[in-house]
Amino acid sequence: MSPPHKASTTKLLLCVFMASVMAVTAGNFLQDVDVTWGGPRGKILDGGRHLTLSLDKDSGSGFQSKKEFLFGRFDVQMKLVPGNSAGTVTTFYLSSQGGSHDEIDLEFLGNSSGDPYTLHTNVYSQGKGNREQQFHLWFDPTKGFHTYSIDWSPESINFLVDNIPIRVFHNWEKIGVSYLNRQPMRVYSSLWNADDWATRGGLVKTDWAQAPFTASYRNFNANGCVASAGSSSCGSKFSNTLKGGAQSDGGRLDAKSRNRLRWVQSKFMIYNYCTDLKRFPRGIPAECKRPRFL
């Protein structure tokens, strides 16, 4: 989880949204986001083409999208904190507000120098999470910019790294699994200190002699259904589309994308809640019993 958004409270609206499909201008942070906390630690640079978030002993920083969305594809290029980033967490996620909120998480857990970052993913529906999957990356995310994406439709949520799917969370409402299809969400990103749990379960603490810690961003793109109060939903207008030739049909990945997903999950997944039998002694969650690669 991330620190408080420090944004105004948003009512939990269900299926009473009128939305239009709107491609938000890509790559201009001045137009698309607000730095919401951290003061001067969050900086929009180069006329909106770049953004940096920093963390020091006094505070982290974060930004949020100006608009709320009900379904869409959300991309950003990030270069993570280099060197000894132990204890730090850099996030890119979607979230609604309130105790019964929905949330889709990409969280990058810092490391001791030379160790790999951990990419922590989670899905919250109506306030319930506990759906963690974790990965190591097949590249050094501090050496250059890489694209991280959340592709959210009525059928499924796809998590992607450089357009390679690493995780799919399907809509299994028909078997009683709650899904994220009623609450509009904003896009958030933050850099903050979590040395009580982030690195080796909190055993490795943040070395403040390395501060300030800085993550860099560019090419933010939010292409989705912009939500506003009204009488209907845009759900029927939006479906998953994976750029670069990989397509999704009704929430189902094509063969190329399924192969990429298998490759990532077999080689780089380090934790999957669906296989943690000690955590679920009475049986794994219902969605874990469904076919994995659809």
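Which cysteine does a disulfide join to Cys274? In this predicted model, the partner is Cys288, with the two sulfurs 1.9 Å apart. That is the one disulfide the structure holds. A disulfide, for the record, is a covalent bond between the sulfur atoms of two cysteines. Both Cys274 and Cys288 sit in the segment after strand S18, 14 residues apart. The link is left-handed, with -70 degrees about the S-S bond. As for cover, Cys274 has a relative accessible area of 17% and Cys288 one of 13%; the cut-off for buried is under 20%, so Cys274 counts as buried, and so does Cys288. Another cysteine, Cys225, is buried too, at 0% relative accessible area.

Now for the overall picture. The chain has 294 residues, and 55% of them count as buried. Its secondary structure comes to two helices and 18 strands. Of the contacts between residues at least 6 apart in sequence, 70% join residues at least 24 apart. The accessible surface is about 12,700 Å², and carbon and sulfur atoms account for 49% of that.

Eight of the strands form an open sheet, and going across it the order reads S2-S5-S14-S7-S8-S9-S10-S18, with antiparallel pairing. S2 and S18 are the edge strands, each pairing on one side only. From one strand to the next, the twist averages 15 degrees. Inside this sheet, S7 and S8 (residues 103-109) run antiparallel and are joined by seven bridges. In that pairing, Leu94 stands opposite Ile104 of S8.

Strand S11 (residues 146-152) is worth a look of its own. Seven of its seven residues are buried, so the strand is largely enclosed by the rest of the structure. What does S11 pair with? S6 is one partner, running antiparallel to S11 and joined to it by seven bridges. Within that pairing, Asp75 has Ser149 of S11 as its bridge partner. S12 (residues 156-161) is also antiparallel to S11, here with five bridges, and Ile150 stands opposite Phe159 in S12. Getting from S11 to S12 takes a hairpin of three residues.

Gly87 makes a handy landmark in the loop between S6 and strand S7 (88-95). The C-alpha atoms of Gly87 and Ala198 are separated by 5.4 Å, although the two residues are 111 apart along the chain. Leaving aside residues up to four places away in sequence, Gly87 touches Trp192, Asn193, Ala194, Asp195, Ala198, Thr199, Val204 and Thr206.

Then there are the charged pairs. How many salt bridges does a search of the whole structure find? The count is six. One of them brings the side chains of Lys66 and Asp34 together at 2.6 Å, N to O. That pair links distant parts of the chain, as Lys66 lies in the loop between strand S5 (61-65) and strand S6 (69-79) and Asp34 lies in strand S2 (residues 33-37), 32 residues away. Lys66 is partly exposed at 34% relative accessibility, and Asp34 is partly exposed at 33%.

A second salt bridge pairs Glu287 with Arg131, with N to O at 3.2 Å. Here the two residues are 156 apart: Glu287 belongs to the segment after strand S18 (269-272), and Arg131 to the loop between strand S9 (118-124) and strand S10 (133-135). Both Glu287 and Arg131 are buried. Another salt bridge joins the side chains of Glu173 and Arg182 at 3.1 Å, N to O. Glu173 has a relative accessible area of 32%, making it partly exposed, and Arg182 is likewise partly exposed at 32%.

Technical notes
Residues numbered from 1 in each chain as written. Predicted model: local features only at pLDDT ≥ 70, side-chain atom pairs only at ≥ 80, totals over all residues. Heavy atoms only, no water. Helix = DSSP H or I, 4+ residues; strand = E, 2+ residues; numbered from the N terminus. Buried < 20%, exposed > 50% of the residue type's maximum accessible area, 1.4 Å probe, protein only. Contact = heavy atoms within 4.5 Å. Areas by Shrake-Rupley, 256 points an atom, 1.4 Å probe, with all protein chains shown as cover. Salt bridge = Lys/Arg side-chain N within 4 Å of Asp/Glu carboxyl O. Pairing = 2+ DSSP bridges. Axes fitted to C-alpha atoms, helices over the stretch in contact; angles between N-to-C directions. Disulfide = S-S within 2.5 Å.
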